[in-house]
Amino acid sequence: MTMTAPASAREGVRYDHVGHYTDGGRVFRITNMFPKRPLYNFLWNEHFIARLDQFGGGQSWHYRDEVRTTMGVYENARLVYVRDNATGQFWCANRNFNEESFDEFYCEVGLGWSRIVSAYRGVRVSLSILIPPDENAESWSVQVENLDTSSPRDLSLYLYAGSGLNEIPHPAYNHGVFDEALNGVALIHKGYDEPYPYSCHFFATDAEVDAYETTNRRFRGVYGQWASPLALRSPRLASEGTSFDDTMAAVLQFDRVLAAGESCALTVANGLSVDTDAARESVRRLLEPGYWSWQQERLSEEFQSISRRYQLDIPGDPEVSTLLNIWVKQQIALGKTWARTYTRGFRDIMQDVTAYAALDPEGAREKILYCLGYQKPDGNSLRQWEPIDPHPYRDGPAWIVPAVAGVAKESGDFAFLDHVVGYYGSEESGTVLDHCRRGLAFLNDNLGPHGLCLWGGGDWNDSLNGAGLQGVGESVWLTEATIAANREFARLLEHIDHSDEATAYAKSAESLAANLNGEAWDDDHYLCGFTDWGEKVGSRENAEGSFFLNMQTWGVLCGAADDPQALMDRVEERLSSPFGHRLNTPCYQQGDDHIGRVSYFQPGAYENGSVYNHGVAFKIVADCLLGRSEQAFESVRRMLPSNPDNPASASGVEPYAVTNMYLGPDNPGRAGESLMGWITGTAGWLFRGVTEFIVGVQADYEGLRIRPCLPQAWRELSVRREFRGDVYEIHFARATESETPGMRVDGKVLDRDLLPVFGDGQVHRVEVTV
């Protein structure tokens, strides 16, 4: 069984009034260039990242050693103008500010690259952008074509790059020049005792430059407009430098006469460096012939190297197949590198890494070691860094064991547990196992009056950040997550023959579970917690916020709930909406400092009653653990951009990226809208929810567990799974009346749900009858 993209995915899943997939689902073509909100793509390497909208606009920045330097500005960071020198007419080819009737206008969203194409007044322009793996720069490939097959065209092309250096204080340090050695513009902010080492913004090309500009004062004009820059009214840019200027920009002009049907191409390097000497060295590499195509191929190969490890083909469901095979993986890869992009967070990376382990166990291992360097000697972790957030959230340690166990199960590498990592802000260090122990000790040993884990400045729910600051309030969710972590750690310890220690952690889990059920049960559901003042949160006694999602789903995930089916029925009754399941109900209407900022959010926004898909993904897993396949599948369906009750054209969500939330049904005026895609822990948990729990192929210490929980809509499906050097081609099908459910491996009946590790590097065919 050689798996490719499903046939229906190759044909292109379409979303009305938004766009469709091409190239087997590896490219999404945005055909409505003025959708409900901007549709983004992320390009990145370890230290440089860009968020591009469908026009190629959006910020790019470099982050290293706690210093962020912005290069591309939020709006109008990358513009391409064309001027017809015969008529004096000009237009912005990639932005179309006046929404003219372009003959062609679309954006291709690729894996690590974006391309904006337009055709207007007989000229086709293509702007392609990527970030190479090893550079603090963007690489642009620009093509211009004369579509007139009978006449030449006298054209000027203007490439524009806005600069984030203008945002740094003290514009008296700023100056811009044309550097002959660069063959481009250098914008520089070099100041006294400043923390910005990457202070040179370079914009260079491999083509002959006819003129240039260094400031928006002359290009757009002090009172000008982007749709009609003042400088384009003349045939030639000023070609002058600038200084003491907080409107610096880099603009390059290229004059070309194109014969009928002729095209021209050029490459541009747009990046940051420490000085012009370093910029020249970067440009030398970035402008090598064929560089853009080579880097695009390299990005494709790098993605394929991780993507091929798990491939899913669901006949009749190309949307789920395409998202899970391609785009959710890309989203997870972004998360494990950049967390939520505006900062790097401990909990965020650890959760993404737990999913990423199935795609790249070695890469996941390295990210765990990196994150453990931000765990403090007391066992807690920083919430986030770049920049550092000192707020005393307490859930970080709960994510260590699942990530570590996930890598151990996937790779079979237990030597990893003995790797030594230092503790943050300390000369102390410990093995990975020691880091797990300290994290659990921080959680197990710091309990409140009801025997539950202390809330501190918040748990997974960032916005319940006022309930436990005095060191008395208790979090139900954190208690449940700690129970789950204790049990997972006990399993790991048993596997490496630390039986006595495993028993101690299992007992800790049981003790916490008894406290949870004895103190946090509220008639028919779990509370959210107790504040520093002993007040219940998430109780039937509360007029607002009386029922929360995560405390119910994690009551199932940690194995503590006495009647989990009834509990999940209650979730369906109280929290279901056309957009998915709300995080809590009723929404808070009045601010309450004893609870935190969640009570101040507008109804239906963020953690105050939105459909927060990260939490919904927890629910998908909980449903599967209880065999509730239809409820799990329905939760997936409502999350997708094809949801008929909330399609992408209405919600604004990128069809190729999972959104962190839909504004809840109680939100005034904007219910169902997606405000932010890509940067969410939903991607990793959705990937695991579908692949490990609905499909049911789970890495374990001894092999692959097969525990499907398939919805009736999926009559059959196939999985190609690489695992510890072997390849498993698994076909799931519904049993007929005459068949007995079971599993065959290479034609032989297997009497348990565990596929062994063969260790022969061969392909093994598995037939699962459900």
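**Entry 1: a loop leucine**

I began with Leu382, which touches Phe346, Tyr374, Ile388 and Tyr424 when residues up to four places away in sequence are not counted. This is a predicted model, and I keep that in mind for every entry. I looked up where Leu382 sits and found it in the loop between helix 7 (361–372) and strand 24 (384–385).

**Entry 2: an asparagine in helix 12**

Is Asn550 buried or exposed? I found that Asn550, which lies in helix 12, is buried, with a relative accessible area of 4%. Leaving out residues up to four places away in sequence, I listed Trp460, Trp477, Glu480, Leu583, Gly615 and Phe618 as the residues that Asn550 touches.

**Entry 3: aromatic rings**

I then turned to the rings, for which the count comes to 40 aromatic pairs. The pair I picked out is Trp554 with Trp685, which is edge-to-face, with 6.1 Å from centre to centre and 65° between the planes. This pair links distant parts of the chain, since Trp554 is in helix 12 (residues 550–557) and Trp685 is in helix 17 (residues 682–694), 131 residues apart. I checked the accessibility of both, and both Trp554 and Trp685 are buried. Elsewhere I noted a cluster in which ring pairs link Tyr15, Tyr21, Phe28, Phe42, Trp327, Tyr656 and Trp678.

Strand 1 (residues 14–15) and strand 2 (residues 19–22) run antiparallel and are joined by two bridges, with Arg14 standing opposite His20. Their hairpin has three residues between the strands, and His17 takes a positive phi near 65° there.

Strand 2 is also joined to strand 3 (residues 27–30), by four bridges and again in an antiparallel run, and here Thr22 stands opposite Val27. The hairpin of strand 2 and strand 3 has four residues between them, and Asp23 in the turn has a positive phi of about 50°.

Strand 4 is joined by four bridges to strand 5 (residues 48–52), and the two run antiparallel; the bridge partner of Phe42 in strand 5 is Arg51.

**Entry 4: helix 3**

For helix 3 (residues 276–286) I looked up burial and found Thr276, Ala279, Ser282, Val283 and Leu286 buried. Seen down the axis of helix 3, these buried residues fall within an arc of 110°, so they line one face of the helix. What I found packed against the buried residues of helix 3 was a set of strands, namely strand 13 (137–146), strand 15 (174–179), strand 16 (184–189), strand 17 (200–205) and strand 21 (263–273), together with helix 4 (291–307).

**Entry 5: helix 11**

Helix 11 (residues 499–519) has 21 residues, and from its first C-alpha to its last it reaches 30 Å, close to the 30 Å expected at 1.5 Å a residue. Its buried residues include Ala502, Tyr505, Ala509, Leu512, Ala513 and Leu516. Why do they share a side of helix 11? They cover an arc of only 105° around the axis, which puts them on the same side of helix 11. An α-helix has 3.6 residues a turn, so residues three or four places apart point the same way.

I looked up the partners of this side and found that the buried residues of helix 11 pack against helix 9 (432–444) and helix 10 (476–495). On the face turned away from the buried side, helix 11 carries the exposed residues Asp500, Lys507 and Gly518.

Methods. Residues are numbered from 1 along each chain as its sequence is written. This is a predicted model: local features need pLDDT of at least 70, side-chain atom pairs count only at pLDDT 80 or more; totals for chains, interfaces and linings use all residues. Side-chain values use heavy atoms; hydrogens and water are left out. Two strands pair if DSSP finds at least two bridges between them. The expected span of a helix is 1.5 Å times one less than its number of residues. Buried means under 20% relative accessible area, exposed over 50%, partly exposed in between (1.4 Å probe, protein chains only). The arc is that of the directions from the helix axis to the C-beta atoms. Contact means heavy atoms within 4.5 Å. Rings of Phe, Tyr and Trp (its six-membered ring) pair if their centres lie within 6.5 Å; planes under 30 degrees apart count as stacked, over 60 as edge-to-face and the rest as tilted.
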